[in-house]
Each structure stands twice: as structure tokens, then as C-alpha cells.
Amino acid sequence: MMSIASHLSAFLAACSATVAALPSQVANIRSLDFSIPSALISSHLYGAPDNNFSCKSSRNPVVMLHGLSADREVDLNLLQYELNSRGYCTFSQTYGAHVIPQWIGGLDDMTKSAVQIADFIREVKEKTGASKVDIVGHSEGGVQSIYVPMTQPGIADIVEHVVALGPAIHGATYFGFTDLWYIGGSVTRVLVGEVVDLLGCPACEQLAPDGLVTNQFAASKKIAQDGNKVTVITSSHDTLVPQAVSKIDESAVKNVVVQTTCPDDKVGHAGLAWDKSVWRLIVNALEETDEEVYPCEQGLRF
């Protein structure tokens, strides 16, 4: 049987022709087809479980938060199926999407997305009858898993476990691109903000060094809220969001590095969502154990 990493590599190769065509299409944005690509829909890697609010479990329901430019049908969807098989009730939504295209999430203003996510967490709690809800988020979703309890009224009180995969708490550098953006000081910063807004990704600006959300974290006396059991999972091979960018130096936060348990796994930032070395750490965080739930594997390096 092929590993998840092998399946994903094959899928990305199949989509390469579509991706290569994008630059020429961008020149005339009106000609772009915003429908979901058939290569994506037809892949067995696409699709998330339905939100079954009648699901019953002895464990807290888990809200899954996808990353930047992803949606509920990709990113954490395979983990969602796996958690279902372990008896968890899981729930997800696409947050932060524009009206067109609605299938690309996480791009909109993160403060608006936080309200949207908070409403969904409340809905999950109310409809399932659970006393507490857990959150698992990847990349921007990892940021939101911590940001929402910090900023949205009453959410910290109904959340127990928070598991954040590679969250850019202290500002994402995006392979050094933002270093160039910010060299010019405030003038460059304003220009970049306008360009990013024009392209439809306020979240990109807000996640950057000195971005709105990054500054809110920096100004907060406490990032992890009382009563929330927060675990931050990082990889020493993550070049997009380095460990130091994700680490929360607070006594209530458990910062876990993939290579501590799986030293040969060179998983990168995107690969955190699909790597069973990481899934083990997620289950450990949710169940407050240290069992070897899954064997180590070699995750995707990007």
C-alpha cells in the first residue's frame, strides 16, 4: 500500500499542468475559471467526513481548522477520518473564504475568520451537548486555534485541548519574502498591504512579522488562555514556519518537536497535516498520553 506521502506526491505531479498554466491566466483574471479543478475533486485525497452532530463519543468533539488557502476538504481531512476511526466526533468548516472562489479558505481578514470559527465552535458544543470542545489546527488554522480562544468572548471557557501544527505565532517569514517587503519600512509595508489586499489575502499580511495578529500575540500578557491545554507541534525541518516562530514560551504550553520522537522524519510545513509521526503526537495531546499510536514515517518535506 502506498503511503500518504507517496499518494500526495503523485497527486501533485498530476496537477502540475494546471498549476503551470496559472501565471498566464493571471494576466486576465476575468478569464479564470473559479470552479474546483476536476483533478482535485477526483482524487481520493479530497473530501472530508460530513459534520454529524448526532455523533456520540466519550471524548470531546474535535473542531479541525485548515491552513491558509486550503479548505475543509483538504489539509486535515485525512486526519479527520483517522480520528473518526478512533472513536472521535470531528467537525470542520471552510473559514475565511471570499464569495468567489468559496473553496479556497483562510484568505480573508483573520479577525473576521475568528468570529466565524468561534460561532462554529459554539454550534458544535450546543448541537453535540458536549461540555468542552477540542481544537486541532494546521498552519493558519493552528494560529486560529490559539487566537480564537484569546480574542473571542467565552470560547476559552468551552475549549479544553488545543493542538496547533506549525502555527506562525511570531510572524511567518515565507522563505524570506517578507524580509524584502519590510526592508523599506512603513512605506513598503503599506504598499505590500495594499497589494496583498488587492490579491485577496488580508490573512497573509496579518500573519507576517509585525502583522496585526502577530502584534496582538506580542502584546498579550498571556497567549494560552486559562483552562486550555495547549500543545504546539513543530518540525526542525520546517523552513516556512521555523520552530522559533511557533514556540509559545509559557508554562501552560507544551512545545513538541516531531524529531524528538521520530528523529529521522524530515517532514516540512505542509507535510505536518498528513504525517503519521505527527498524528501520533496529536492523539497523545488529545488523550494526554505518550503511547506510540503510530510508527514513525517519512513525511513530505515541503
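Student: How do the residues of the lining of the largest cavity divide into nonpolar, polar and charged?

Tutor: In this predicted model, the lining of the largest cavity divides into four nonpolar, five polar and two charged residues.

Student: What volume does the largest cavity have, and which residues line it?

Tutor: Rolling a probe the size of a water molecule over the atoms shows where empty space is left. Here the largest cavity has a volume of about 50 Å³, and its lining is made up of Met64, Leu65, His66, Asp71, Arg72, Val74, Leu76, Asn77, Gln80, Ser92 and Gln93. The elements that give two or more residues to this lining are β1 and α4 (77-85). Over the structure, the count comes to three cavities of 30 Å³ or more.

Student: How should I read the sheet, and in what order do its strands lie?

Tutor: Strands of a sheet pair through backbone hydrogen bonds, either parallel or antiparallel. In this model six strands form an open sheet in the order β2-β1-β3-β4-β5-β6, and the pairing is parallel. The edge strands, each of which pairs on one side only, are β2 (90-92) and β6. Neighbouring strands of the sheet are turned by 20° against each other on average, direction ignored.

Student: How many bridges join β3 to β4, and which residue of β4 is the bridge partner of His138?

Tutor: Strand β3 (residues 133-138) runs parallel to β4 and is joined to it by five bridges, and the partner of His138 in β4 is Leu165.

Student: Which strands does α14 lie across?

Tutor: Helix α14 lies across β1 (62-65), β3, β4, β5 and β6, and its direction is at about 165° to that of β4.

Student: Which elements supply at least two residues each to the lining of the second largest pocket?

Tutor: That pocket, with a volume of about 300 Å³, has 20 lining residues, of which Thr231, Lys254, Val256, Asn284 and Ala285 are the closest to its centre. At least two lining residues come from each of β4 (159-165), β5 (229-234), β6 (253-257), α13 (258-261) and α14 (276-287), and β6 gives the most, with four residues. By class, the lining of this second largest pocket has eight nonpolar, eight polar and four charged residues.

Student: How many aromatic pairs does a search of the whole structure find, and how is one described?

Tutor: A pair of aromatic rings is described by the distance of the centres and the angle of the planes. The search of the whole structure finds three aromatic pairs. One of them is the stacked pair of Phe53 and Phe91, at 5.0 Å centre to centre and with 20° between the planes. Phe53 lies in the loop between α3 (38-41) and β1, whereas Phe91 lies in strand β2, so the pair ties together parts that are 38 residues apart in sequence.

Student: Where does Gln225 lie, and with which residues is Gln225 in contact, leaving aside its neighbours within four places in sequence?

Tutor: Gln225 lies in the loop between α11 (212-219) and β5. Beyond its neighbours within four places in sequence, Gln225 is in contact with Pro149, Met150 and Ala156. The C-alpha atoms of Gln225 and Tyr147 are separated by 9.7 Å, although these residues are 78 residues apart along the chain.

Technical notes. Residues numbered from 1 in each chain as written. Predicted model: local features only at pLDDT ≥ 70, side-chain atom pairs only at ≥ 80, totals over all residues. Heavy atoms only, no water. 1 Å grid on protein atoms, 1.4 Å probe; cavity = no way out; pocket = protein on both sides within 12 Å on 5 of 7 lines; lining within 4 Å. Points joined across faces, edges and corners; volume = space filled by probe spheres on them. Nonpolar A, V, L, I, M, F, W, Y, C, P; charged D, E, K, R; others polar. Pairing = 2+ DSSP bridges. Axes fitted to C-alpha atoms, helices over the stretch in contact; angles between N-to-C directions. Contact = heavy atoms within 4.5 Å. Phe/Tyr/Trp six-rings, centres within 6.5 Å; stacked < 30°, edge-to-face > 60°.
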